[in-house]
There are 2 protein chains.
Amino acid sequence: MLHHMDGRRDEATAASDDLVDALVQTSFITTGVLSAVGAKHDLSLTQMRVLGILRDRRLTMTALAVYLGLDKSTLTGLVSRAEKRGLVERAPSERDRRSVEVFLSAEGLAQAAAATAEVADALEPVLGGVTGPDRIRLQSLLVGLLTAQPSPSTAGS
Amino acid sequence: MLHHMDGRRDEATAASDDLVDALVQTSFITTGVLSAVGAKHDLSLTQMRVLGILRDRRLTMTALAVYLGLDKSTLTGLVSRAEKRGLVERAPSERDRRSVEVFLSAEGLAQAAAATAEVADALEPVLGGVTGPDRIRLQSLLVGLLTAQPSPSTAGS
DNA sequence: CTTATTTGATTTGTATTACCAAGTAAATGT
DNA sequence: ACATTTACTTGGTAATACAAATCAAATAAG
């Protein structure tokens, strides 16, 4: 689809554009909320993601970079700042002495938990237009979308 | 809901957490795709948003800042760089000589159209897990969510 | 087993993004 | 007419992000 061999956008594509548009706009609203919640704790969106990802994981720098879709060199500074603030810790891997593993400190874990709750709070009004059984429907549709994704593009909070 | 007067997260809240989680993860995947498409054209996510917003609008700096959820001062540099690249143009408002209106140049319009098509392309595989009638359902649920939003948090591509 | 290559992370340098506070000019309010 | 608000820019600072180069450890080749 798309790939207008005929050089124009057909009806099916036009219809799918509406879905794409809705998805994109919803995403911006959502990340806007994420961003705002993070700002209250002096956390950037990326730092929020780090907290979210490391909530139940312990990853090497490279693995974390892949999750975030960022360059390895970007991670160095990102993790260093988070480390300086006591949110995460670094530890050398035992299997591979080149690798550095990153994980949440106790403080980071607390922050992550608090942030998660606040995000749920802040998204509640956003979900105001979706009520009752529609929430279940939306959820299962999104879960369907997510589970169909190739492995660790499943990155996220 | 939420607003645990009792200081704990109840069942309803826990259930809604799953929806929140799915929404957040979906958003990260979507903005990741947006970001990747933009990168191919040397456009940041924010610049992509600017193109998307100005596709069918002509806004003052402040209005654009509100749409993006950014500070006015951030917009100055953002628009200046986009202007230097020939994507947008500035023009003094006639009604108010303090105001500056921003709009897409011919080149910017072309880029916006191309980017829109590419985004639809790139999101196609992401939507792979949602097929047939489920797409319509997802779309109408998202549209329902969007239309329930207070005015221009409806910002987005 | 010794060298060559690849891999994991950091360093350095640059550009962008973003905020705040302060400043200027035009428009409103009193 | 003067004070205030509004619209935007400027200046300063920090965070974010990438690319290229470097270094150490692990793996592959010979």
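Two strands pair if DSSP finds at least two bridges between them. The legends below apply this criterion to a predicted model.

**View 1. Pairing of strand 1 and strand 3 in chain A.** Strand 1 and strand 3 (residues 100-104) of chain A are joined by two bridges and pair in the antiparallel sense. Within strand 3 of chain A, A:Glu101 is the bridge partner of A:Thr60.

**View 2. The open sheet of chain A.** Three strands of chain A make up an open sheet with antiparallel pairing, arranged in the order 1-3-2. Strand 1 (59-60) and strand 2 (88-92) of chain A are the edge strands, each pairing on one side only.

**View 3. Helices lying across the sheet strands of chain A.** Helix 2 of chain A lies across strand 1, strand 2 and strand 3 of chain A, at about 90° to strand 3. Helix 4 of chain A lies across strand 2 and strand 3 of chain A and runs at about 115° to strand 2.

**View 4. The surface near DNA strand D.** Among the 22 residues around DNA strand D, those that come nearest are A:Ser44, A:Asp71, B:Thr60, B:Thr62 and B:Ser73. At least two residues of this surface are supplied by each of helix 2 (45-54) and helix 4 (72-84) of chain A, and helix 3 (61-68) and helix 4 (72-84) of chain B. Helix 4 of chain A gives the largest share, five residues. By type, the surface has four nonpolar, 11 polar and seven charged residues.

**View 5. The relation between chain A and chain B.** Chain B is superposed on chain A by a rotation of 179° with 0.0 Å of shift along the axis (RMSD 0.1 Å). The two copies are therefore related as by a two-fold rotation axis. In chain B, the C-alpha of B:Ser27 is nearest the axis, 2.2 Å from it.

Notes
Residues are numbered from 1 along each chain as its sequence is written. Chains are lettered from A and ligands numbered from 1 in the order in which they are written. This is a predicted model: local features need pLDDT of at least 70, side-chain atom pairs count only at pLDDT 80 or more; totals for chains, interfaces and linings use all residues. Copies are superposed by least squares on the C-alpha atoms of residues with pLDDT of at least 70 in both. A residue is near a molecule or strand if its C-beta atom, placed from the backbone, lies within 6 Å of it. Helices (H or I, at least four residues) and strands (E, at least two) are DSSP runs, numbered from the N terminus. Ala, Val, Leu, Ile, Met, Phe, Trp, Tyr, Cys and Pro count as nonpolar, Asp, Glu, Lys and Arg as charged, and the others, Gly among them, as polar. Two residues are in contact if their C-beta atoms, placed from the backbone, lie within 7 Å. Axes are lines fitted to C-alpha atoms, for helices over the stretch in contact, and angles run from 0 to 180 degrees between N-to-C directions.
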